[in-house]
Number of protein chains: 2
Amino acid sequence: MTTREACIELDNQDVLSHARARFSLSEDVVYLDGNSLGALPRATSAHVAHVVEQQWGRDLIRSWNQHDWINLPQKLGAKIAALIGAHADEVIVADSTSINIFKLLAAVLQLPHVVSDENRRVIVSERGNFPTDLYIAQGLNELLGNKYQLKLVDADQIEAALDHTVGVALITQVDYRTGHVHNMSALNKRASAAGTHIIWDLSHSAGALPVALTESASELAVGCGYKYLNGGPGAPAYLYVTRSLQTQLSTPLAGWLGHAAPFNFAAEYQPAANMNRFLCGTHSAISMAALECGLNTFDNIPMAALRQKSLALSDLFWQLMDEHCAAFGFICVSPREHAVRASHLSFAHPHAYAIMQALIARHVIGDFRQPDLLRFGFTPLYTRFVDVWDAVNTLREVMNKDEWKATQFQTRNAVT
Amino acid sequence: MTTREACIELDNQDVLSHARARFSLSEDVVYLDGNSLGALPRATSAHVAHVVEQQWGRDLIRSWNQHDWINLPQKLGAKIAALIGAHADEVIVADSTSINIFKLLAAVLQLPHVVSDENRRVIVSERGNFPTDLYIAQGLNELLGNKYQLKLVDADQIEAALDHTVGVALITQVDYRTGHVHNMSALNKRASAAGTHIIWDLSHSAGALPVALTESASELAVGCGYKYLNGGPGAPAYLYVTRSLQTQLSTPLAGWLGHAAPFNFAAEYQPAANMNRFLCGTHSAISMAALECGLNTFDNIPMAALRQKSLALSDLFWQLMDEHCAAFGFICVSPREHAVRASHLSFAHPHAYAIMQALIARHVIGDFRQPDLLRFGFTPLYTRFVDVWDAVNTLREVMNKDEWKATQFQTRNAVT
């Protein structure tokens, strides 16, 4: 049996252990939900206060220039680019993930070779993809007179589905429930051969594992700022477009900040000749300030070390579940194989909801996902090996003492 | 000649003078740009810090329920509703003004009676409308295969243009340059008779003058959170849909928070049966916190008193311009008549840009608008009569001393 002391020893040897000091985390909480809402970076509060009090309060409207608020989408985009293997001028921060999915879906479906090909009327996505991705595709399709067929296939059928009937595919790299990771290179290769385009949703991968957009020949991607990127609740999202496609694509969400010269106030929309064209309305300087601090928590952290620790944490969790909780009927639905495992694990159990409520009452915070999953996220910047031990030990106690049976069945839920 | 002392006396008699204490404003700045970025409310910094440190930092993901982050769009929508003469359940806070315009434009153009009527293929807007409104209409129209004709008419031609060919009209109540106010009741009546729908952009009116959406039989509106509503740079925007239309309209930006049951994670989009259907992705709890403080600055302020002071401030500014600056060639392009004047004044001058730079160097902050306008906004919650006097006096000095000739022609601009 693995002891708590052995886990503390793993923390002592951890080359990333220093990174936890970059966050403000209560010692009485084991937080395994950074894949839903990243923890608060220690620097955020002071920086947000500075932006509010000094930049907004004192310098007022002048801050758009003096403090370069206007270029925050590009500046933060460049920081994210470094985390996802893209060029700095290929990523921009804007709006929400949902909105950015709409921008790219609509842009691809307006490409001349898609519009003109009557046989290319399929939108492919994965059955069980995060709902907002599917909803946005449905909403867009309805607006276009249901000209497209939204085809949902299982994970292992995506590659086969990428054929000449496909206008666009919308694929989430990491499954928000199982944590299964798609092979981006393989799918991109197949899409390219079929003359179609994949939009990658990186919400559950960026900042958690190495993403290599350039190397994998990815064309388009979106992602979320508030999970592993630690940007705060509802932080701005981002989008990526490979250089060669940037001026071929334009979004129908043609807001003024996407204009080539927004301050000319021209009556005709003329999209910027770079990623700026994917901007829309005015961005929140305060939300951007928080996101910037989130991104800074990755400074000088080698992604390979992050990945190694992530896998070590989930390996340990799984092992401890086998050692301590084998009797309670949990079934891990996440991949055993490292190559296709992201940074969270999910366990099915008939009483998953009540059990998670009981865990949270004991300050071990993971989350419940429909229909019967307990999900535990490992965020290598701040999750410790001893946290993993404490979490599984608490789960064992909760199960042994039947604490979960007393848990009220609350109907409210938390944002993923 | 009106003296500075007389202006101080006006401040002494001002029933709203106490409201200035609700803001954090440097005494060395005369801020006449609250119509572009509202000043910082005194309460914002502490509330934002609380949301960051306590709600996010300590309570983490649990705050979506414990601190009701999830219902901030509705809660703040209800506060805005009170400022624009709407019912609390008719307004919701979400995304940016540009995005919200897209939602409503697309929703109206999907109404069965619009879709089916081949003669109803015109989108009406005003020539010189704020660019983002026009761009969004252009972007949407392009996505729809340029099925519509975007017809731009002068302000006094809008009423006549609202005929049976119009699918939707997008009209900004207050012109961002001249400050001219449209008669909403009259235009709504005409639109209704023509079987069409007006989307009102309230960005330069809400919080500056009484807006009576219900009373004027307005159906649809959007607006901005960072101007007169003091929500901070790039604050979330809002939209309004009259009760009877809410379930008839659906937005193609069908993000998960617009779903009838977002936490069921169903694969099929089913829009909520109320304003929630106009939500899209996850909102920023931090930006919402700042907006809430902005809205609270209107607590117990009668809109009639606000309007009265607004007009008194702009009357005084105009009068002082006549008294002090008549020799310098400024031409006021704003309406003389109170009934059609909003809360800012614009003056044309061939050297407007340089003059505004010189004023800003003297800490009198207004803004420049293309092609030749100096724009001065009066925000009755914090603008004093003595500020107006100081602003015009500074302008006189700048002109007398030819200070503006030394102003560098900077190319950067600020966000409206």
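Which strands of chain A does helix α5 (residues 97-109) of chain A lie across? The helix lies across β5, β6, β7 (220-223) and β8 of chain A. It runs at about 160 degrees to β5(A). This is a predicted model.

**Sheet of chain A**
- Seven strands form an open sheet in chain A, with mixed pairing.
- The strand order is β2-β8-β7-β6-β5-β3-β4.
- β2 (91-93) and β4 (149-153) of chain A are the edge strands; each has a single partner strand, so one side of each lacks a neighbour in the sheet.
- From one strand to the next, the twist averages 20 degrees.

**Pairing of β5 and β6 in chain A**
- Strands β5 (residues 166-172) and β6 (residues 198-201) of chain A run parallel, joined by four bridges.
- A:T172 of chain A has A:D201 in β6(A) opposite.

**Helix packing on the sheet**
- Helix α4 (residues 72-83) of chain A packs on the sheet and touches β2 and β8 (238-241) of chain A.
- The direction of α4 makes about 125 degrees with that of β2(A).

**Contact between chains A and B**
- Chain B gives 75 residues to the contact, and chain A gives 76 residues.
- On the side of chain B that touches chain A, at least two residues each come from α2 (44-58), α3 (63-66), α5 (97-109), α7 (131-143) and α10 (285-296) of chain B.
- α7(B) supplies the largest share of that side, ten residues.
- By class, the side of chain B that touches chain A holds 40 nonpolar, 28 polar and seven charged residues.

Terms used: Residues numbered from 1 in each chain as written. Chains lettered and ligands numbered in written order. Predicted model: local features only at pLDDT ≥ 70, side-chain atom pairs only at ≥ 80, totals over all residues. Contact = placed C-beta atoms within 7 Å. Nonpolar A, V, L, I, M, F, W, Y, C, P; charged D, E, K, R; others polar. Pairing = 2+ DSSP bridges. Axes fitted to C-alpha atoms, helices over the stretch in contact; angles between N-to-C directions.
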